[in-house]
Structure formats: structure tokens, C-alpha cells
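Open the structure in your viewer and keep a selection tool at hand. The stops below say what to select next and what is there.

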Amino acid sequence: MSEVVKTRTSAGPAAAGKESVGREFVKAYRIMLTARVLEEKLAALYRAGKIKGGVFLGRGQEALSVSVGINLRRGDIFAPLIRDQAGRMAFGDTILDTLRTYLGSSLGSMRGRDGNIHRGRPREGYYAMISHLGAMIPAVAGGLLARRFRGENGVVGATCLGDGGTSTGAFHEGLNAAAVEKLPLVVVVANNQYAYSTPNTRQFACADLVDKAAGYGVAGHKVDATDLANCLEVVGGAIAAARAGGGPQLIVGDLLRLVGHGEHDPATYIDPELRKKNIGRDCLAVAGALIVEKGWATEADLAAWRSEAKAEVNTTANRVQREPEPDPAEEDWCAISTRELEDDFA
Amino acid sequence: MSITYLDAIREAQRKALADDPNVFIYGQDVGNFGGAFKATEGLAQQFPGRVLDSPLSEDAIMGMAIGAAIEGARPIVEMQFADFSTCGLNQIINHAATLYYRTGVNCPLVVRLPSGGTPGGGPFHSQSMEALYAHYPGLFVLTPATVEDAYSMLLGAVEIEDPVIFCEHKFLYNHLKAEGLPSEAMPIGKARIARPGRDATIVTYSAMLHESLAAAEEIAADGFEIEVVDLRSVKPLDTDTILASVARTGRLLCVSEAFPWGGVSAEVIARVTAEGFGLLDAAPQRLNAKDTPVPYHPALWGTHRPTASAVASAMRQLLKG
């Protein structure tokens with residue numbers, strides 16, 4: 001029997017001390033803020049024609065995303081998707097490597113061979129997404145299976161996708177296979193109401209995406225993804241449950257994408273009424289207001305943190321723009337690691 | 001002791017499991033049941049927890065194998081039939097095949113594809129997928145035609161640090177026998193002169209090797225010596241051995257069981273034409289299956305695929321040219 005946990009309050013974990021709750025919340029907020037500031041820079045660089053290819057932002061999804069990354073540990077596996085700048089940074093990705101990948105620096109982890117959100121360091125448990133939605137679910141499951149073979153306990157693998165991704169065969173196959181193996185997999189769905197331009201009404205017919213959990217025999221969790229406190233509690237709880245041997249966990253967070261699908265998309269299709277609802281709130285603003293209300297920091301602190309993040313982002317962007325592009329003459333143009341067996345007829 | 005092609009595949013997996021604790025097998029019915037063709041019979045019992053039945057989910061099977069490979073495991077995936085690998089195509093060509101180039105992290109996994117036609121197999125249990133996979137950068141595509149190669153090349157495939165598509169031919173599973181398992185092997189990536197000759201070259205692979213050898217034998221009665229080259233692997237493709245053979249004979253017929261558009265036979269002829277045009281005494285020819293789905297009825301199937309007599313007929317035409 002799967003269990004759907006519906007937690008909608010912002011009380012925070014009752015067991016944790018007040019002070020540690022505040023510290024974790026502020027830490028998460030500052031990562032969200034850095035991700036937001038970095039993405040604002042990416043958008044500006046895109047408009048200036050400095051970034052080739054797409055720019056895909058996670059504006060409005062930072063609270064849910066950061067809650068995933070911040071609850072994972074070194075040695076866990078994380079396969080983020082396109083709107084997970086905050087979660088990526090919480091898991092250890094950097095401003096530097098983000099900019100290098102977007103700007104195509106040869107010094108970045110992808111060396112110009114792949115770009116923007118398709119970055120990762122798989123050896124460090126940070127898997128590099130492919131564009132085909134749902135595909136990372138079985139990949140993370142397979143990583144966890146290998147860890148189990150090696151006798152590693154207490155490892156968690158998490159991956160994120162959107163409402164549209166739940167319609168793919170890969171989502172179904174991956175979640176089902178992970179459930180059969182009872183793997184410590186956490187699948188986080190950011191239901192941002194639109195898959196590119198397609199609204200939920202044209203995407204699925206179940207009352208709520210979390211209802212799918214029962215069909216797979218996995219635990220289901222709902223979260224108000226505009227509320228960082230709720231996200232930290234629910235996502236933290238699900239990750240802890242997976243770590244403790246509770247099998248796969250499906251988390252569905254409701255929110256609204258506050259930007260276009262990519263920066264090329266003015267998103268005129270978004271129903272303006274949705275912006276007035278709870279899901280239309282900006283999670284960063286909501287979290288900032290709570291910090292001030294709780295007395296964990298002042299408005300001035302928040303402004304200073306933003307300036308600090310902006311300065312680091314700008315300095316790093318200036319540095320990366322002076323770095324070398326990949327050189328086709330230096331590229332080895334070999335897709336296999338067993339080079340002595342390369343098919344060298346060209 | 002007589003060993004079949006299928007036995008060789010099972011024994012290679014047994015040895016791989018015994019030699020390397022990172023190897024595991026994942027696929028439909030591969031566990032206690034031993035696989036639809038019995039290629040894993042007894043292995044789940046001998047290696048508990050390392051030969052796992054999967055759900056009927058080719059995409060998830062491949063995704064799981066990729067994740068496991070990233071973490072240092074060495075998965076062997078059995079697709080129940082090569083035909084069904086299309087349901088896992090995305091993970092194979094877009095994920096496994098791109099991983100090393102994109103991230104610098106290699107992806108050592110083997111996908112076993114029970115391939116090719118058998119009488120009564122029909123459109124969805126008979127296909128030859130090697131050209132499809134060879135088209136994509138980042139994959140090895142092996143096509144063993146002998147018991148010895150089925151054994152040694154599968155063991156070699158498990159040791160390769162990149163994704164390997166292992167096309168094993170179902171028609172050969174129980175038909176083909178050898179005296180025992182080989183103690184030494186030709187390296188992967190080298191083609192083999194299966195029959196030496198001087199008047200024309202047949203380049204072929206997998207089950208078509210045996211049709212081609214029978215055709216060469218038939219034509220020998222007419223006084224022609226036909227050289228038969230067994231490619232063994234279609235990617236990498238041993239262009240040097242093919243060109244050396246054409247240099248000796250001046251004539252080339254390429255035989256494949258796959259569909260005619262593009263494919264391995266087209267690639268071989270393109271390479272020989274580009275690199276060895278001056279070696280040719282006649283226009284190079286190719287013989288493939290027909291450009292229809294593989295038909296169910298044995299009478300139709302026997303004409304859809306090249307047979308020894310069809311190969312002999314094509315060769316006689318070539319020798320006239």
C-alpha cells in the first residue's frame with residue numbers, strides 16, 4: 001500500500017531545534033538567491049548574444065529544487081533536469097562551471113561538447129541529463145543498483161522532472177523498475193502547470209499527479225512548492241525515508257513556472273489567473289519574507305546577500321568570457337574510450 | 001565434447017560472472033528460467049543475486065544498465081529478441097552512446113541481441129539491427145559467425161570500456177557446433193579470411209557467412225576460387241582486410257541478411273569504391289534481404305533472405321562482369 005503524505009503547513013520539522021531550522025532555511029535561501037541571480041545573468045548574456053543555444057531558467061522552482069540538493073549527501077546520486085539550478089548548486093555545482101558550460105568554455109566540465117543544462121560530473125554522482133524526459137529515472141535506479149551490489153547502504157538517488165515528463169514511457173518504466181527493486185530512489189515532479197505551452201488539462205487526466213504513486217506501489221508526497229519550509233520538510237522527509245529503506249518516493253510539488261520554457265519563449269499562453277493563485281507566488285520572495293518575519297535576518301541582510309551573489313556572478317562571468325573556446329583542431333573527435341578499436345575510416 | 005553457438009554464449013557469460021564481481025546480467029526471464037533461448041540457464045543459481053529478471057521495460061533495462069555502468073558495474077543486458085531493442089533505442093543511442101563523448105565517463109555495458117531470421121519468426125522476431133546501431137557514434141557492434149567467436153568475442157565485449165551491441169544469430173544457436181571452447185582468439189576489430197580464393201571476394205558476417213561459404217563451395221565446382229571474408233565486427237569495420245582481399249581478387253560481392261537500404265553492405269562498398277576503386281575489375285555488388293518486413297511463412301522467409309543459391313547466383317553474375 002502506498003501512502004500519500006499531504007503536508008501543507010509551514011511549521012517546519014517539529015523535532016529539530018528552532019535555531020537549526022533557521023540555519024538550514026537561511027542556507028537554502030542563499031543558494032536559491034545565488035541560483036536566481038546567476039540565472040538573471042544567464043538571461044542577460046543570452047539577450048546580449050553571448051550564449052549560443054538555449055537558456056532554460058528555474059525561476060519560481062528554486063524552493064523545491066534546493067530542497068532536493070540540500071538533503072542529499074556526498075556519495076548520493078543526483079540527476080537534475082532543466083529547472084534545477086538551485087538544486088544543482090546545493091549538490092555542489094558551481095557558478096564557475098555553470099557559466100563555463102553555458103558560455104561554451106573549453107575549461108568547463110562538458111568542454112563545449114554539450115551545453116547549458118546538460119552538464120554533470122557522473123563520477124561524482126552528479127549525472128548529466130539527456131534531453132529525453134524521464135530517461136534519467138532508470139539511470140539513477142541503475143546507479144543505485146550498482147551501489148547495492150557493492151554493499152553500500154544509506155545511499156539515495158534523486159532525480160527531477162516536470163508535469164510533462166510524467167507522460168513519458170521512460171517515467172513509467174523507470175519508476176516501476178525501481179519499485180520492483182525497492183531502490184532508494186526519490187523522483188521529484190515540479191508540476192509547473194505547463195509542459196512548454198501544453199497545460200495540465202492536455203497532459204494528464206488523473207485528479208493529481210501524486211495519485212500515480214499508488215499505481216507503482218511507492219510512497220507519494222504532496223508539497224506546496226512555493227513554500228520553502230514545506231519543501232524542506234517534505235523533501236527532507238522523503239529522502240530520509242528512502243535512505244532508511246522505504247523504497248522509491250514520488251514527490252509532487254505544485255507551482256507555476258514564472259518564466260518561459262526557455263528565454264526564447266515569451267510564454268503568452270500562461271493563464272494570468274494562475275498568477276493570482278497560491279501557486280503563482282514567487283518562492284524566493286515568500287522565503288525572504290519568512291526569514292525577516294522570523295527574525296533570522298533583516299531586509300538589509302537579504303539585500304547584502306543579493307549584492308554579494310551578484311558580485312561573484314559578474315566577476316566569474318567576466319573571467320569565463322575570456323576563457324578559450326573549444327578548438328576544432330584540438331578536438332580528438334573520438335566517441336569511444338577504447339581508442340585502439342576506433343573505426344578510423346572517415 | 002560438442003559445444004553449440006548458444007552454449008558458447010552461456011559459457012562466456014558464466015566465465016565473465018566468475019572472473020569479475022562487477023559483472024551482472026539483467027533482462028527478461030534471464031533469472032531462474034534461464035532466458036527465452038536458455039542462454040543464461042543455470043547462471044542465476046550459480047551466481048545468486050547477479051542474474052536478475054527485469055520487468056518488460058526495455059527503456060528501463062537500458063537506463064538501469066547505464067547507471068550501473070557509470071558506477072563501475074559491468075552489465076550484460078539480454079534483449080529477448082533484437083527486435084525489441086527498439087523499445088530501448090533512446091537509452092542506447094542517446095544515453096549510452098553519448099556518455100563518454102559528453103562527460104568523459106565511459107559506459108562499459110554489453111547488449112546481447114538475439115538477431116536474424118528463423119523459419120516462422122515473422123516480422124517482429126527476425127530483424128538484423130546491426131546497421132542501425134553502427135550508424136551511431138559511440139557504440140561497438142559485434143556480429144560473431146562462429147562458435148569460437150561467439151565465446152571469445154562476448155568475453156572481449158565485457159572487457160571493452162564502451163557500450164557494445166552484441167548481435168548473436170538465433171539461426172546459429174543450435175545449428176552451429178564446435179569441438180570445444182577456444183583457448184585463444186582473434187582480436188576484436190579484425191576480419192577473418194574464412195576461405196581463401198583468387199577470383200572474387202565475398203564480404204559477409206553472422207549467419208550469412210555460412211550461406212556464403214556454401215555458395216563458394218558450389219562455385220568451386222565451376223573452377224572459380226572465391227575468397228570469403230568474415231567481418232566479425234561491423235563496427236569497427238576492418239577496411240584494411242577487405243581492401244587487401246579485393247586487391248587479390250578484383251571483384252566484390254557483399255552479402256548481408258539485413259534490409260537493403262544503407263547498411264553494412266552499402267558501407268563496405270562505399271569504402272572499397274572510395275579507397276580501392278582501381279582494384280576493381282567489375283562494379284561491386286551487394287545482396288541483402290528484400291525491402292519488406294521479414295515474412296512469417298518459411299516459404300516466403302527463405303526467399304526474403306539471401307541463401308547459398310542466391311549468393312551463388314549473384315556471384316556467377318559478378319564473375320561474368
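Start with chain B and colour its two domains: domain 1 covers 3-178 and domain 2 covers 192-320, with bounds that come from an automatic or database domain assignment. The centres of domain 1 of chain B and domain 2 of chain B, taken over C-alpha atoms, are separated by 26 Å. Where the domains touch, domain 1 of chain B contributes 26 residues and domain 2 of chain B contributes 21 residues; two residues are in contact if their C-beta atoms, placed from the backbone, lie within 7 Å.

What you have open is a predicted model, in which local features need pLDDT of at least 70 and side-chain atom pairs count only at pLDDT 80 or more, while totals for chains, interfaces and linings use all residues. Residues are numbered from 1 along each chain as its sequence is written, and chains are lettered from A and ligands numbered from 1 in the order in which they are written.

Stay on the side of domain 1 of chain B that touches domain 2 of chain B, and select α5 (130-134), β6 (140-142), α6 (147-159) and β7 (164-169) of chain B, the elements that give two or more residues to it. Helices (H or I, at least four residues) and strands (E, at least two) are DSSP runs, numbered from the N terminus. By class, this side of domain 1 of chain B holds 14 nonpolar, ten polar and two charged residues. Ala, Val, Leu, Ile, Met, Phe, Trp, Tyr, Cys and Pro count as nonpolar, Asp, Glu, Lys and Arg as charged, and the others, Gly among them, as polar.

**The five-stranded sheet of chain B**

Next, select the open sheet of chain B whose five strands have the order β9-β11-β10-β13-β14, with mixed pairing. The edges are β9 (192-195) and β14 (285-287) of chain B; each has a single partner strand, so one side of each is left without a neighbour in the sheet. On average, neighbouring strands of this sheet are turned by 25° against each other, direction ignored. Strands pair if DSSP finds at least two bridges between them.

Walk across the sheet from β9(B), which pairs with β11(B) in the antiparallel sense over three bridges. Here B:I193 stands opposite B:V229 in β11(B). On the way to β10(B), five bridges join β10(B) to β11(B), and these strands run parallel. B:V229 is also the bridge partner of B:V203.

Is β11(B) enclosed or open to the outside? Five of the five residues of β11(B) are buried, so this strand is largely enclosed by the rest of the structure. A residue is buried if 20 or more other C-beta atoms lie within 10 Å of its own, exposed if 12 or fewer, and partly exposed in between, with C-beta atoms placed from the backbone. B:I226, B:V228 and B:D230 point one way from β11(B), and B:E227 and B:V229 point the other way.

Helix α7 (residues 208-220) of chain B lies across β9, β10 (200-204), β11 (226-230) and β13 of chain B, at about 170° to β11(B). Helix α9 (residues 263-276) of chain B lies across β10, β13 and β14 of chain B, at about 155° to β13(B). Axes are lines fitted to C-alpha atoms, for helices over the stretch in contact, and angles run from 0 to 180 degrees between N-to-C directions.

**Two loops of chain B**

Select B:P236, in the loop between β12 (233-235) and α8 (239-249) of chain B. The peptide bond from B:K235 to B:P236 is cis, with omega near 5°. Then go to B:D29, in the loop between β2 (23-27) and α2 (43-46) of chain B. Phi of B:D29 is near 65°, a positive value in a residue other than glycine. B:D29 is partly exposed, with 16 other C-beta atoms within 10 Å.

**Across to chain A**

Show both chains: 36 residues of chain A are in contact with 39 residues of chain B. On the side of chain A that touches chain B, α5 (136-149) and α6 (169-180) of chain A each supply at least two residues. α5(A) gives the most to this side, with eleven residues.

Finish at A:Q193, in the loop between β4 (185-191) and β5 (194-195) of chain A. A:Q193 counts as buried, with 22 C-beta neighbours inside 10 Å.
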